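The entries below follow the order in which I looked things up.

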Amino acid sequence: MESRAARTVAKAALLALFLMVAQYARAQAGPPYQVDDPDPVPYRHFEAYIFSLSDSARTVGTSWQGPGSYEMNYGAAPRLQLHFVLPFVYYYAPNQPATYGFGDTELGAKIKLFDETKFFPETGIFPFVELPSGDASKGLGVGKTWYRVPLWLKKGFNGDKWSVYAGGGETIVPQIGYRNFPFAGALFQHKCTDKLVLGLEFYGHGYEGVPGTAPDRALIADFGGYYAFSEHFQFLFAGGHSIVWSPETYTYLAAYWTWGKGPQNNDKDDDKDTKPDTSQKLFRTFMH
């Protein structure tokens, strides 16, 4: 018991050491975290992720969205982002053969409702629809269209060196054996350098139903961040484990690209292009 407490104190001290090296960086939520960001992709800009995401629970095994999983976001209008995820799922159930194939296709739209002010957080909604493209009999999908309806908030402090993100919503699953369940979380993020951003996240969800990847409720604490190799390319990472209720483990790794034309500010619109870069060509190279 004492050794476990010592490890906990050591981890907290290591996190504090990382967070003390404060300089400057641009912070954001969303991947690699489960808590998301209310700020959409800038108008006429793209975001692309090649990612690996795993969710493990002792009683049901591991669902891993691995090689072949892609996410794409597009700033379709100022304050509006369109979202698409095509996951390739590897499912490892206890004492059963592994299965793999495409999972449920995710479509969404992030809408920024209110700007951040001195006393009011930035606010946005990010509803999803999950289309039943995965084979439910193999544990690769739900078998029916299902939905997530979240509200996200963000507030910056100390010149945005610190950022706090929070929010939650409801998952609606009209399928036999599943239940509608709430989810909520908070992310505390710090700009460490002009390339490195780190964060500590707490994310919880309710009882999903017997067929779910994590069927019981859990509150997960995870640590993550991203390293910017350039203005247009980043490496993202996160991992954690539940701290109360059902045992559950979460991991995320990704390569991230962004490119586009026009201003970086969602509230402005002009015809000036940004400086050309090779990010789109690099992403296409990885896709092939």
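What follows are my notes on salt bridges, then on a surface patch, then on the cores.

**Entry 1: the model.** I am working from a predicted model, and I number residues from 1 along the chain.

**Entry 2: salt bridges.** I searched the whole structure and found 9 salt bridges. I then followed Lys 112, which sits in strand β7, residues 105-114. Lys 112 pairs with Asp 39, and their closest N and O atoms are 3.8 Å apart. Is Lys 112 buried or exposed? I read a relative accessibility of 10% for Lys 112, so I noted it as buried, the cut-off being under 20%. Asp 39, at 25%, counts as partly exposed.

**Entry 3: the second partner.** Lys 112 also forms a salt bridge with Asp 115, with the closest N and O atoms 2.8 Å apart, and I found the side chains of Lys 112 and Asp 115 listed as a polar contact of 2.8 Å as well. Asp 115 has a relative accessible area of 32% and is partly exposed.

Entry 4: Arg 79 forms a salt bridge with Asp 115, at 3.3 Å between the closest N and O atoms. This pair links distant parts of the chain, since Arg 79 is in the loop between β3 (70-77) and β4 (80-86) and Asp 115 is in the loop between β7 and β8, 36 residues apart. Arg 79 is partly exposed at 22% relative accessibility. Which residues do the salt bridges with shared partners join into one network? I wrote down Asp 39, Arg 79, Lys 112, Asp 115 and Glu 122.

Entry 5: Phe 120 lies in the loop between β7 and β8 (122-125), and at 40% relative accessible area it is partly exposed.

**Entry 6: the cores.** The largest nonpolar core has 11 residues, including Phe 51, Val 85, Tyr 252 and Ala 254. The elements giving two or more residues to this core are β1 (45-57), β15 (233-245) and β16 (248-260), and β16 gives the most, with 4 residues. Apart from this core I found another of 10 residues, among them Ala 29, Val 35, Phe 126 and Tyr 165.

Definitions and conventions
Predicted model: local features only at pLDDT ≥ 70, side-chain atom pairs only at ≥ 80, totals over all residues. Heavy atoms only, no water. Polar contact = N/O pair within 3.5 Å; in protein donor to acceptor, adjacent residues only side chain to side chain. Buried < 20%, exposed > 50% of the residue type's maximum accessible area, 1.4 Å probe, protein only. Core = buried A, V, L, I, M, F, W, Y, C linked by side-chain atoms within 4.5 Å. Salt bridge = Lys/Arg side-chain N within 4 Å of Asp/Glu carboxyl O.
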